[in-house]
Amino acid sequence: MDSSIGLYVHVPFCVSRCDYCAFATWAGSEGAIGDYIEAVLAELRLRRQVGDPFSVQTLYFGGGTPSLVPARDIARIIEEIGPEPGAEITVECNPESVTRDKLKAFKDAGVNRVSLGLQSFSGEVLRSLGRSHDPKDIYPAVEAIDGAGIENYSVDLIYGAANESLAALEETVQKVLELSPVPMHVSAYALTVEKNTPLARDLARYPDEDYQAVAYTLIDEMLTGQGMGWYEISNWSRPGYFSRHNWNYWMQGEYLGLGCSAHSHLGSRRTWNIFNFNRYILVAGNSGDPTAGSEEVSGHEKATEALELLLRTNVGIPATAIDRFDEVASLCDLVDGVATLNLKGRLLANQVALRLDPSRVGLEELKWFQKQTPEMISS
Ligand code: SF4
């Protein structure tokens, strides 16, 4: 039987580079999109030729800025992949690069979910992050998503920029909740300083962790107050609209990544592709194998990671897996022996993660936890 996997396609192109971004993405190279798509298709054929058969339950175009890719190319990739009926197919879009016609063409190709990189409604915050869009681009983008008939959309927010005030953040979240139609899903990430970025070189723009804790609390209160439940530390959704693609990562499901820098996890093996997009085109585009490295994941490592990932979700973990649970009991809700992070725990998740001990929990028990979905937990 084919294994059912998640498939990720990396699109390494952006209009300009944001100051905090360390992803594999390049600005001003859009002329290479055509060659890159051919290389991705060649990699897909190669993986199908040499690997075990698979079917695709979720497909995610991430980046970079996938909305820069012409709809006909997105359509060709989806057609060649041939996802399972009912598969979740997501495209990450930036507000300034979507139109109704483009999104309609995405939808006709099978796309049924859009993740919109909104980040903030404050122009000042967007500028300090080096984002290329303006708050005024957001409403037309949401209108385009609606006009294209894509009901399931998510917005990404970034909080904690040095020049962000709590009032500005509150206004951003309020405006998100007032969007029409309202998003089904919100991801909110704390701004982090990544090495070798313009932000890393500018101490004055470093985020303040105490502010970020207050900001997270505000976001959580506002979203949950409007019927969105948290299901992973940085993710909230309306019932039934969790990201199935990301859930597969967090439950250690199998996935294949196509494109430069993409990672895969099939069986007990992890692999990653060549980082640089030009080199990727050169290798994969000539039917070569673009794998740059691989590792076998040991049982112990896998169980440790399973606990770390589950801990971040509303599934939680067996409390017995936490060494000296009493010392972190105030950070968890405990029901039937299952420990789930409470709000304070989500802010201090590392303190609990440090005490995880996979030898205290059986493999079968772990697998049971990994079969849960956010809905099973909240019902
Ligand atoms: S749009 Fe996203 S991927 Fe592109 S540079 Fe900005 S943060 Fe990085």
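**View 1. The buried side of helix H6.** The buried residues of H6 are Leu 169, Thr 172, Val 173 and Val 176. Around the axis they cover an arc of only 90 degrees, which puts them on the same side of H6; the arc is that of the directions from the helix axis to the C-beta atoms. An α-helix has 3.6 residues a turn, so residues three or four places apart point the same way. A residue counts as buried if 20 or more other C-beta atoms lie within 10 Å of its own, as exposed if 12 or fewer do, and as partly exposed in between, with C-beta atoms placed from the backbone. The exposed residues Ala 167 and Gln 174 sit on the face of H6 turned away from its buried side.

This is a predicted model: local features need pLDDT of at least 70, side-chain atom pairs count only at pLDDT 80 or more, and totals for chains, interfaces and linings use all residues. Residues are numbered from 1 along each chain as its sequence is written.

**View 2. Length and partners of helix H6.** Helix H6 has 12 residues (residues 166–177) and should span 16 Å at 1.5 Å a residue; its end C-alpha atoms are 16 Å apart, which agrees. The expected span is 1.5 Å times one less than the number of residues. The buried residues of H6 pack against strand S7 (153–159), strand S8 (185–190) and helix H7 (209–225). Contact here requires C-beta atoms, placed from the backbone, within 7 Å. Helices (H or I, at least four residues) and strands (E, at least two) are DSSP runs, numbered from the N terminus.

**View 3. Two cis peptide bonds.** Ser 180 and Pro 181 are joined by a cis peptide bond, with omega about -5 degrees. Pro 181 is in the loop between H6 and S8. The peptide bond from Gly 63 to Gly 64 is also cis, with omega near 25 degrees. Gly 64 belongs to the loop between strand S4 (54–63) and helix H2 (71–81).

**View 4. Two residues with positive phi.** Most residues other than glycine have a negative phi. Gln 252, not a glycine, has a positive phi of about 60 degrees; Gln 252 lies in the loop between helix H8 (244–250) and strand S11 (255–258). Gln 252 counts as partly exposed because it has 18 C-beta neighbours inside 10 Å. Ser 261, not a glycine either, has a positive phi of about 70 degrees, in the loop between S11 and strand S12 (263–266). With 20 C-beta neighbours inside 10 Å, Ser 261 counts as buried.

Definitions and conventions. Two residues are in contact if their C-beta atoms, placed from the backbone, lie within 7 Å.
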